[in-house]
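Could you open the model in your viewer and keep a selection box handy? We will take a short walk through it, from the whole chain down to single residues.

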Amino acid sequence: MRGREVPSFYLFMSLKDNVERLLEEALNERPSLFLINYKIHQDNSIEVIIDGDDGVKVEDCIAISRAIEHNLDREEEDFSLQVMSAGVSEGLTHIRQYNKNIGRKLAVKTQEEKLEGELISTTEEGITLTWKTREPKPVGKGKVTVTKEAYVAYEHIVEAKVMITF
């Protein structure tokens, strides 16, 4: 057996239970990191997606990977493991992801509407976006630029993505 000796009571746990336990332990050691998602496919390939309050470094992915891989017995379960950071295309799925994106432009979809604007603040219940738009003047012809603001509760957000501008 490679690495540390695995206590016998862990041998009776499922791969899913072991991965969940090891992920929780590894993330507890690194409080700035948090789990976005993980999957265990039928071929025992394990995919873990993490994010962090200050982003994710390669070293973070390596540390989480080692915490899992070095504590699973390959003689008991044949598996492959991939630990990665949340990509921009994934969208925002965890409340902690919003805070680190203050100042960035988001595309937010709710049941009722689609909004695009700069994320200016977050609370425990929702986010505030601001954007500029052209509207007809109240009096006379032509248009005037106005600043709009909207508060969106997390529970109403169907999808939110960071918009990359070049």
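The tour goes from the overall view to a handful of stops.

**Before you start**

This is a predicted model, in which local features need pLDDT of at least 70 and side-chain atom pairs count only at pLDDT 80 or more, while totals for chains, interfaces and linings use all residues. Residues are numbered from 1 along each chain as its sequence is written, and side-chain values use heavy atoms, with hydrogens and water left out.

**The whole chain**

Begin with a cartoon view and colour by secondary structure. Tracing the sequence gives the order α-β-β-α-β-α-β-β-β-β-β.

Next, zoom out. The C-alpha atoms fill a box of roughly 80 × 30 × 30 Å along the principal axes. The radius of gyration of the chain is 22 Å, whereas a compact globule of 166 residues would have one near 15 Å; the radius is taken over C-alpha atoms, and the globule rule is 2.2 Å times the number of residues to the power 0.38.

Of the 166 residues, 34% count as buried (buried means under 20% relative accessible area, exposed over 50%, partly exposed in between, with a 1.4 Å probe and protein chains only).

Colour by charge to see 22 positive and 30 negative side chains, with the centres of the two sets 12 Å apart. Here Lys and Arg count as positive and Asp and Glu as negative, while His and the chain ends are not counted; each charge is placed at NZ of Lys, CZ of Arg, CG of Asp or CD of Glu.

**Confidence colouring**

Where does pLDDT stay under 50? Select residues 8-12: that is the stretch, and the model has four contacts for it beyond four places in sequence. A contact means heavy atoms within 4.5 Å, and pLDDT is the predictor's confidence in each residue, from 0 to 100. Across the chain the mean pLDDT is 89, and 92% of residues reach 70 or more.

**Stop one: Asn-44**

Select Asn-44, in the loop between β1 (33-40) and β2 (45-52). Its phi is positive, about 65 degrees, although Asn-44 is not a glycine. Most residues other than glycine have a negative phi.

**Stop two: helix α2**

Move to helix α2 (residues 58-69), where you will find Ile-62. Ile-62 counts as partly exposed because its relative accessibility is 37%. Draw a C-alpha to C-alpha distance from Ile-62 to Leu-23: the two are 39 residues apart in sequence and 13 Å apart in space.

Val-58 also lies in helix α2. Is Val-58 buried or exposed? At 58% relative accessibility, Val-58 counts as exposed. From Val-58 to Ser-85 is 8.5 Å, C-alpha to C-alpha, with 27 residues of sequence separation.

Thr-128 sits in strand β6 (residues 126-136) and is buried, with a relative accessible area of 11%. Show its surroundings: beyond four places in sequence, Thr-128 touches Glu-118, Leu-119, Ile-120, Ser-121, Glu-149, Ala-150 and Tyr-151.

Then pick Lys-148 in strand β7 (residues 143-153). Lys-148 is partly exposed at 32% relative accessibility. Among its contacts outside four places in sequence are Leu-129, Thr-130 and Trp-131. Lys-148 and Gly-117 lie 31 residues apart in sequence and 9.0 Å apart, C-alpha to C-alpha.

**Last stop: Ile-164**

Finish in the segment after β8 (157-162), at Ile-164. Ile-164 is partly exposed, with a relative accessible area of 43%. Which residues does Ile-164 touch, not counting those up to four places away in sequence? They are Val-88 and Arg-104.

Terms used:
Helix = DSSP H or I, 4+ residues; strand = E, 2+ residues; numbered from the N terminus.
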